[in-house]
Amino acid sequence: FNIHTVPTSAFDGQKPGTSGLRKRVKVFQQPHYTENFIQAILDAIPESGGAKGATLVVGGDGRFYSEEVLNAIVKISAANGVSKLIIGHKGILSTPAASNLIRKRKATAVTLTTVPTGGILLTASHNPGGPDADFGIKYNVANGGPAPESVTDKIYEVSKTITAYKKAELPEIDFSHIKIHTFGHFIVEVVDSVNDYVMLMKEIFDFNQIKVFFDKRPDFKILFDGMNGVTGPYGHRLFVQELDLPISSVMRYVPLHDFGGAHPDPNLTYAHDLVARVKSEKLAFGAASDGDGDRNMIISHDAFVTPSDSVAIIAAHAEHAIPYFRKHGVKGLARSMPTSQALDLVAKKKGLEYFEVPTGWKFFGNLMDASRCSICGEESFGTGSDHIREKDGLWAILAWLNILAHVNESQPGASVHDILQAHYKVYGRNFFSRYDYEEVDSDGANKMVEHLRSLIASSGFVGKKYGEFTVATADDFSYKDPIDGSVSTKQGIRIIFADGSRIVIRLSGTGSHGATVRLYVEKYSSDPSEYTADTQKALKPLINQALLISRLTELTGREEPTVIT
Ligand code: VG1
Ligand code: CO
């Protein structure tokens, strides 16, 4: 095939954020914008040889503009000497399924030339999709996880100086057929999106035990909401085909280009359709996942599982309830900095090593590769383990079902609510909430961060009293990776009070427009009379102090958060 060198000029702002490059579709539609970024990714591939001879897994959440970008990836990859692309059927691969595919193809590669060097994921995750909404592109490395900062920095550097990209003259590919396309030395393999992932889940969890549990508890009805994102086909296969549940157990399970106009983020605000049905139908278990399938929310008609509690509870039960951990053991635990300290308490009790990393899944990968972390989570509805190198929504949902099935063997009738309360009785309760202020004016948001930086550095801040809270320590979180020694600074303002309560404030790295301020608050209680208390009520005094300390309203002009989780 012919290869053209297309002259181009650099675009501003092609800097990958917490999880790839996310912008409005209209931004990606500018001539050369997407091509530049794809070329920058290929130039930044860390393995020697770079793109030459590389095998890449490609897929995404199927959002609007995916097809066009897939074809651009095919042509630019071919022109840059990539030897093979493994692409999900119709371009669909959930983020966890893509991570698995990279790892699995690596483990089963017969020749060195077919070992995946990484993957390109087309998603803006939980951001809305459609012609007027968001698109995103993310690079994952050979371990199946998001590229570390060394690689994303390189991508950004290339994007700033790019003058040309290479493009091969190839026909448009129809990704709706599972088949192998060969163009000389370049191969495009379109693969089933779901099979490998479902096989992995069946190795990790005891599907039989879960089925027996459902048979014994016909009252235990579940509802899974795919939010018209990528997990629909996976959820349908797992719950309806593998676990024999009725079709009424899944909703919004067909992936749509624009997610049906909804915001595919599994939380109490954006998954209100699910929440309403779980409440009105008095369902025992409700769950949802986000656009690209790496997030999860677990609820029941009488309980909401905070993601920070979810990872702690999974960690507390894993070795007994889940076959994968019975076999491999639990080596260590980790959470992102803003996530509540509930997980630390489990680690301490079990004598496990535990880590606190910056926001973003890429920081867990090294720990897992070094066998020092088996289960990890983020407060942002992200939970996962070392079975892959991404957070995994359906994994977390199946983990809960497996734990429920296991606990019900010794305590028949145990519900989600019972499991939460039983956990608090042993560990105490970490009340946790996050306030998001979306699309805030960037200047105001930056001013607030500057104000906080100088406040925490001022003399007399430590020891100062705010209401009932006395400042014990404060910093702008920085993290030194214990494996490769890399340092990430300015990861969020952290104010810790004498009683262990915390306030964290940081700016989002996944927004596509303006700034998003995230305010996280946490308060610990070991008083059993508080275990059933309402989270917002329990945290109110601390939230009031956080607003006061940050001068958020004054500096951003926002009275109320956009979303409370
Ligand atoms: C947010 C979350 C973070 C998560 C990231 C990607 O980042 O806070 O915990 O890892 O989204 O999740 P930020 O920088 O906006 O706070 V996903 O589901 O978009 O891949
Ligand atoms: Co996501």
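Okay, hi everyone. Before I start, keep in mind that this is a predicted model.

Let's begin with the overall layout. The protein is split into three pieces: domain 1 runs over 3–193, domain 2 over 198–427, and domain 3 over 429–564. If you take the C-alpha centres of domain 2 and domain 3, they sit 26 Å apart. How many residues does the contact take from each of these two domains? It takes 19 residues from domain 2 and 19 residues from domain 3. On the domain 2 side, α13 (365–369) and α15 (416–427) each give at least two residues to the part that touches domain 3. As for the make-up of that side of domain 2, you get 9 nonpolar, 9 polar and 1 charged.

Now, a helix I'd like you to look at: α16, residues 442–457.

Which residues of α16 are buried? They are Ala445, Met448, Val449 and Leu452. Look down the axis of α16 and those buried residues fall within an arc of 95 degrees, so they line one face of the helix. There's a handy general rule here: an α-helix has 3.6 residues a turn, so residues three or four places apart point the same way. Turn to the face away from the buried side of α16, and you find Asp443, Glu450, Ser454 and Ala457, which are exposed. And what covers the buried residues? The cover includes the strands β19 (429–440), β24 (493–497), β25 (502–507) and β26 (515–525), plus the helices α17 (535–550) and α18 (552–556).

Next up, helix α7, residues 207–216, where Phe207, Ile210 and Phe213 are buried. Seen down the axis of α7, these fall within an arc of 120 degrees, so they line one face of the helix. Over on the other side of α7, Asn208 and Asp215 are exposed. The buried residues of α7 pack against α6 (195–204), α8 (231–242) and α14 (393–410).

Last stop, ligand 1. It has 18 residues around it, and the closest are Thr18, Ser125, Ser508, Gly509 and Thr510. What classes make up that shell? There is 1 nonpolar residue, with 12 polar and 5 charged ones.

That's my tour, thanks!

Methods. Residues numbered from 1 in each chain as written. Chains lettered and ligands numbered in written order. Predicted model: local features only at pLDDT ≥ 70, side-chain atom pairs only at ≥ 80, totals over all residues. Near = placed C-beta within 6 Å. Nonpolar A, V, L, I, M, F, W, Y, C, P; charged D, E, K, R; others polar. Domains from an automatic or database assignment. Contact = placed C-beta atoms within 7 Å. Helix = DSSP H or I, 4+ residues; strand = E, 2+ residues; numbered from the N terminus. Expected span 1.5 Å × (residues − 1). Buried ≥ 20, exposed ≤ 12 C-beta atoms within 10 Å, placed from the backbone. Arc of directions from axis to C-beta.
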